[in-house]
Amino acid sequence: MILKIIARTRCLSFLILMLSIYSLLPAEASAQNGKITNPIIPGYFADPTIIKDKGIFYIYATVDPWGSNELGVFTTKDFVKFDRQHINWPTKQACTSPTSGDAMVWAPCVVKGKDNKFYMYVAVGSEIWAGVSDKPLGPWRNLKDDNTPLVKHTDFPLVHNIDPECFVDEDGQTYLYWGSGYNWINGHCMAVKLKADMKTFDGTPVDVTTPHYFEAPLMRKWNNKYYLMFSSGKATNATYCVGYAVSASPLGPFTEPADWKILQSSADSTVIGPGHHTVFRENGQDYILYHRIFPQKEAYVLRQLCVDSLNFDKNGHILQVSTRGVVRFIK
């Protein structure tokens, strides 16, 4: 009898171990059926940005809960196998000024400039910092020679100076967007044109906030129209969602359509609080990379990275995002 109990215990332990291993490999498992399932990687990350260089995708994200001393960085060629990377900048230590707050390293945006250099805009200590590198994995350095933030915590008192977004227009002109709010009720979106050095403001920043905007601006251009995408609601619960507004100019004014909300919690609660996204194009199709909340009882939020397709109707309205994952788009 004792031997049977030991044998059963070993079998149960082995089964639990195998299930645990399988649960940590959702992307690898998806390779079998040709579909990328969500979340795309194990672990808890948020606020993603993505670039592709020489056939490799680079994903940079906030490390949960609520940031770390560095970013979470991953590389992949096929969205099935991901490799964790570490970069030298930004860090909490390197990006702290006399006006900094306590917030950790949050919400990066990485773009490639006309000079083929890579530029990063990131929030640390509730300030916007800018970095530059010759390669996606660095070494990175502060874009400003004096190692100060691009936007100080105190520069715009009504704005929580986080969530930077750099947009490169078709003519190479760049624009910087940023801003959130306090107490989940008063988000602001700031926008400004950048000079060729990618750090000097070409004019005075303007407030382009729309009715449902709270944070996480993202600018994209489709069919000669400028789409200001954003997150609305509270990032810690099911009200968090993605919406958009449209303008003929990258500096607005922006108008929200009646169906402004395009990514939200599912009715069956399998997807909770999706938001703070980026958008990229692969093989002629647009995709949305975002985070969703992992259900938990703790006082903090853990989030997971997800990807879905992004589509439009004939009038240029963004359609509802499925939240079901996508068929593998890598050829």
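Predicted model: local features only at pLDDT ≥ 70, side-chain atom pairs only at ≥ 80, totals over all residues.
Me: How many disulfides does a search of the whole structure find?
Reply: A disulfide is a covalent bond between the sulfur atoms of two cysteines. To count here, a pair of cysteine sulfur atoms must lie within 2.5 Å. The search of the whole structure gives a count of zero.

Me: Is Cys189 buried or exposed?
Reply: The cut-off for buried is under 20% relative accessible area. Cys189 has 0% relative accessibility, so Cys189 is buried.

Me: Which element gives the most residues to the largest nonpolar core?
Reply: This core has 23 residues, and those that touch the most other members are Tyr119, Tyr121, Leu143, Cys166, Leu176, Trp178 and Met198. Two or more residues come from each of strand E6 (105–112), strand E7 (118–124), strand E8 (127–133), strand E11 (174–178) and strand E12 (190–194). With four residues, the element that gives the most is E6.

Me: How many residues make up the other core, the one with Ile36 and Val307 among them?
Reply: That core lies apart from the largest one, and Ile40 and Phe74 are also among its residues. The number of residues in it is 18.

Me: Which residues lining the largest pocket are the closest to its centre?
Reply: The largest pocket has a volume of about 550 Å³. Strand E2 (45–53), E6, strand E10 (165–168), strand E14 (215–222) and strand E18 (272–282) each give two or more residues to its lining. Of the 24 lining residues, the closest to the centre are Val111, Phe167, Val168, Arg220 and Val279.

Me: How many charged residues does the lining of the largest pocket have?
Reply: Sorted by class, this lining has 13 nonpolar and two polar residues. The charged class, which takes in Asp, Glu, Lys and Arg, has nine.

Me: What is the volume of the second largest pocket?
Reply: Its lining has 19 residues, and the closest to its centre are Trp66, Trp106, Ile162, Trp184 and Glu215. By class the lining divides into eight nonpolar, seven polar and four charged residues. The space in this pocket is about 280 Å³.

Me: Which residues lining the largest cavity are the closest to its centre?
Reply: The count of cavities of 30 Å³ or more is one, and the largest cavity holds about 110 Å³ of space. Its lining takes at least two residues from each of E2, E6, E14 and E18, and by class it has eight nonpolar, four polar and three charged residues. Of the 15 lining residues, the closest to the centre are Pro164, Glu165, Pro217, His276 and His277.

Me: How many residues of strand E20 are buried?
Reply: Strand E20 spans residues 302–310 and is mostly covered. Of the nine residues of E20, the number buried is eight.

Me: What is omega for the cis peptide bond that joins Gly252 and Pro253?
Reply: Pro253 is in the loop between strand E16 (241–247) and strand E17 (261–263). Another cis peptide bond joins Asn38 and Pro39, with omega of about 0°, and Pro39 is in the loop between strand E1 (35–36) and E2. For Gly252 and Pro253, omega is about 5°.

Me: Is Ser126 buried or exposed?
Reply: Ser126 is in the loop between E7 and E8. It is not a glycine, yet its phi is positive, at about 60°. Its relative accessibility is 8%, so Ser126 counts as buried.

Me: Is Asn223 buried or exposed?
Reply: Asn223 also has a positive phi, near 50°, in a residue other than glycine. It is found in the loop between E14 and strand E15 (225–232). The cut-off for exposed is over 50%. At 72% relative accessibility, Asn223 is therefore exposed.

Note on methods: Residues numbered from 1 in each chain as written. Heavy atoms only, no water. Buried < 20%, exposed > 50% of the residue type's maximum accessible area, 1.4 Å probe, protein only. Core = buried A, V, L, I, M, F, W, Y, C linked by side-chain atoms within 4.5 Å. 1 Å grid on protein atoms, 1.4 Å probe; cavity = no way out; pocket = protein on both sides within 12 Å on 5 of 7 lines; lining within 4 Å. Points joined across faces, edges and corners; volume = space filled by probe spheres on them.
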